[in-house]
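I'll jot down what I look up as I go, pocket to begin with.

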Amino acid sequence: MGSKYTKRYTEEFKRDAIALVDSSGKTVTAVARELGISSESLRGWYRKAKADRGEGEPGELSSAEREELKRLRREVREQQQTIEILKKATAFFVKENDR
């Protein structure tokens, strides 16, 4: 679930930090240093925010698209399980019917 040493930041803090990068003209590393946070954390938040605004790298998914992909993958997995159960049930009933 995460290390007991991992800091958790509020969404408001993340939004403010991203806005500071956008408005200050400073690098992500400089802003992170000023805020006392990991530059990699801020860089990840910033990249995700850009993708959500449609400004990300080509092919990069927004948060909404990532959530939809997770939902669809879960749905496919559940349907595959249902199909396997139905196949086994069909085989069982065919075998019982042949007796």
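This is a predicted model: local features need pLDDT of at least 70, side-chain atom pairs count only at pLDDT 80 or more; totals for chains, interfaces and linings use all residues.

I looked up the lining of the largest pocket and found E11, K14, R15, I18, W45, K48, A49 and D52. A pocket here is an open set of points on a 1 Å grid over the protein atoms alone, where a 1.4 Å probe fits, with protein on both sides within 12 Å along at least five of seven lines; lining residues have an atom within 4 Å of a point. The elements giving two or more residues to this lining are α1 (11-24) and α3 (39-52). Helices are DSSP runs (H or I, at least four residues), numbered from the N terminus.

Residues are numbered from 1 along each chain as its sequence is written, and side-chain values use heavy atoms, with hydrogens and water left out.

Next I turned to the core. The largest nonpolar core has 11 residues: A17, I18, V21, V28, V31, A32, I37, L42, W45, Y46 and A49. Such a core is a set of buried Ala, Val, Leu, Ile, Met, Phe, Trp, Tyr and Cys residues joined through side-chain atoms within 4.5 Å; buried means under 20% relative accessible area, exposed over 50%, partly exposed in between (1.4 Å probe, protein chains only). In soluble globular proteins, nonpolar side chains tend to be buried together.

Leaving aside neighbours within four places in sequence, I18 is in contact (heavy atoms within 4.5 Å) with L42, W45, Y46, A49 and R53.

Which residues of α2 are buried? I get V28, V31 and A32. Seen down the axis of α2, they fall within an arc of 100° (taken from the directions from the helix axis to the C-beta atoms), so they line one face of the helix. Their cover includes α1 and α3. After α2 comes G36, with a positive phi near 75°.

Then S62, in the loop between α3 and α4 (63-97). S62 is buried, at 13% relative accessible area. Beyond four places in sequence, S62 touches A51 and D52.

Last, I83 in helix α4. I83 is partly exposed, at 46%.
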